[in-house]
Amino acid sequence: MQFVQLNGVTLHYQVIGGPAQRPVIVFINSLGTDFRIWRDVLVRLAGDYPLLTYDKRGHGLSDVGQTPYSIDDHVDDLIGLLEHLDVRQAVICGLSVGGLIAQGLYARRPDLVRALILCDTAHKIGTFEMWASRINAINESGLEGIVDGVMERWFTPSFREPDNPAFPGYRNMMLRQPVAGYTGTCAAIRDADFTVAATKISVPTLCVVGDQDGATPPDLVLSLAKLIPSARYEVIKDAGHIPCVEQPEALNAVIEAFLSPLVSGDQPHG
Ligand SMILES: O=C(O)CC1=CCC(=O)O1
């Protein structure tokens, strides 16, 4: 296990080595998850690219630190982690709030970004009122009070069938996140708006979404793709909000097809 202390918190991360001439792909997890959601994508990409995943603050084995957060707090952590690992430029793949963090990184440090993969995310997710009411509901009844509604947005009905052992596992994942880390990140999403920033993105960008995503539906992700000059837009069939869990093979195929022309000219170092 790999840990680093920066910006007053301990962050949990994982590096999987790959060809040095290829860019590192960094994976940022969504609200209420930890980096294990990427496992089935990582196993397919391992060996082709160096890979970095981490638990954003308030999630997984990373510290909670001071709450509430802003997207900038999460971006500070990502910059710190990249500097710690001496990663000078990476492909940034963010899911949902992870996609907001990816957009925030690009807005502040475009030099660190070779390409963006914006997965089930948007320039703005939900409304101020929606996030304020989710925070209030959690403060009153805990994550138990909202988990079933969240699961309906995360996963398709077939994934939620009682005979699928992965479903209760991912439900547990959400329920075991620190409440303050979860609500602190809700506040960051509530306050984030990258509508203008998205129009200034000039690196290759893939916007991808599950066809049954109940949190950032295909129309919303398409509107993000339309804001970003030359963004590619792809829809993953039979997936909700977390295609890396439900359809890792299809997501991996879309990622590989997007990245392969970008890296075809990369030469080995030395
Ligand atoms: O919890 C949800 O509704 C889905 C979600 C929104 C932002 C995020 O990261 O996950």
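Where does D120 lie? I looked it up and found D120 in the loop between β6 (113-119) and α4. I take helices (H or I, at least four residues) and strands (E, at least two) as DSSP runs numbered from the N terminus. D120 is not a glycine, yet its phi is positive, about 45°.

The model is predicted, so I note its limits: local features need pLDDT of at least 70, side-chain atom pairs count only at pLDDT 80 or more, and totals for chains, interfaces and linings use all residues. Residues are numbered from 1 along each chain as its sequence is written, and side-chain values use heavy atoms, with hydrogens and water left out.

Next entry, the cis peptide. I found a cis peptide bond between T67 and P68, with omega about -10°. P68 lies in the loop between β4 (51-55) and α2 (71-84). For reference, most residues other than glycine have a negative phi, and most peptide bonds are trans.

Next entry, helices α4 and α7. I read that the axes of α4 (residues 128-141) and α7 (residues 179-190) come within 9 Å and cross at roughly 170°. Axes are lines fitted to C-alpha atoms, for helices over the stretch in contact, and angles run from 0 to 180 degrees between N-to-C directions. The angle therefore makes α4 roughly antiparallel to α7; the classes are roughly parallel under 35 degrees, roughly antiparallel over 145, roughly perpendicular from 65 to 115, and oblique for the rest. I noted F128, W131, A132, R134, I135, I138 and N139 of α4 in contact with V179, Y182, T183, C186, A187, I189 and R190 of α7, contact meaning heavy atoms within 4.5 Å. By class, this contact of α4 with α7 has 10 nonpolar, 2 polar and 2 charged residues. Ala, Val, Leu, Ile, Met, Phe, Trp, Tyr, Cys and Pro count as nonpolar, Asp, Glu, Lys and Arg as charged, and the others, Gly among them, as polar.

Next entry, helices α5 and α6. I have α5 (residues 147-154) and α6 (residues 166-175) packed at about 125°, with axes 11 Å apart. That angle makes α5 oblique to α6. By class, their contact has 8 nonpolar, no polar and 2 charged residues.

Last entry, the ligand. How many residues surround the ligand? I count 13, the closest being L31, S96, V97, R134 and R153; a residue is near if one of its heavy atoms lies within 4 Å. In the side chain of R134, an N or O atom is 2.7 Å from a ligand oxygen. For R153 the corresponding distance to a ligand oxygen is 3.0 Å.

Terms used. Polar contact = N/O pair within 3.5 Å; in protein donor to acceptor, adjacent residues only side chain to side chain.
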